[in-house]
Amino acid sequence: MSKKNKHENEVVEEELLTAEKETTAEKETTADETNADIDPVEELKSNLEKEKDRNLRLFAEFENFKKRTSKERIELFSTASEGVMVSLLPVLDDFDRALSEIEKSDSAAHLEGIILINNKLRENLKAKGLTIIVTNKGDVFNADIHEAITQIPAPNDDLKGKVIDVIEKGYVLGEKIIRFPKVVIGH
């Protein structure tokens, strides 16, 4: 590069720096004038309103959090025993089968003992929130509460789309279905 070009570049750079300094000084003056135009009381009121709004939002969010966690806690307590209840359902099924077999025999003493034990177990489980989903033959099939394990031809037209047989009882713990009733439906 020639000396003349270097000198021209230096002059241009100096002019640019001078222009930047002037622009910066103008901006500072404008900012000072703007700050002088805003009343300090108004600025404080504006900041106070912003903080009040922020505080109100945080309070509302905290209240929603408390409600949500208390609801979750209640649900947890109501279904905390779900694992134990599910493991006891086969025992209840065995009691039902034992009762039906003993009723066929002539052993009244055994039948009475089994009925007492069965009733005591069921009452204790009912006190803990376990209830049977009542499903009878002839009920309309509802996929939300029934589990169809098979379909067979309906013996008559009245039983089409209805429960023909209940294979396994269903149970509800609190408001949650822990086992759907297994049914046979007619088509």
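## The overall layout

Starting at the N terminus, the elements of the protein chain follow the order α-α-α-α-β-β-β-β-β-β. That makes four helices and six strands; helices (H or I, at least four residues) and strands (E, at least two) are DSSP runs, numbered from the N terminus.

Please keep in mind that this is a predicted model, where local features need pLDDT of at least 70 and side-chain atom pairs count only at pLDDT 80 or more, while totals for chains, interfaces and linings use all residues. Residues are numbered from 1 along each chain as its sequence is written, and side-chain values use heavy atoms, leaving out hydrogens and water.

## Inside and outside

Of the 187 residues in the protein chain, 15% count as buried. Here buried means under 20% relative accessible area, exposed over 50%, and partly exposed in between (1.4 Å probe, protein chains only).

## A look at helix 4

Helix 4 covers residues 108-127, 20 residues in total, and reaches 28 Å from its first C-alpha to its last. This is close to the 28 Å expected, a span given by 1.5 Å times one less than the number of residues.

Asn 118, Arg 122 and Leu 125 are buried in helix 4. Seen down the helix axis, the buried residues fall within an arc of 60 degrees, so they line one face of helix 4; the arc is that of the directions from the helix axis to the C-beta atoms. The face turned away from this buried side carries exposed residues: Ala 109, Glu 112, Leu 116, Lys 120, Glu 123 and Ala 127.

## What follows helix 4

After helix 4 comes Gly 129, with a positive phi near 105 degrees.
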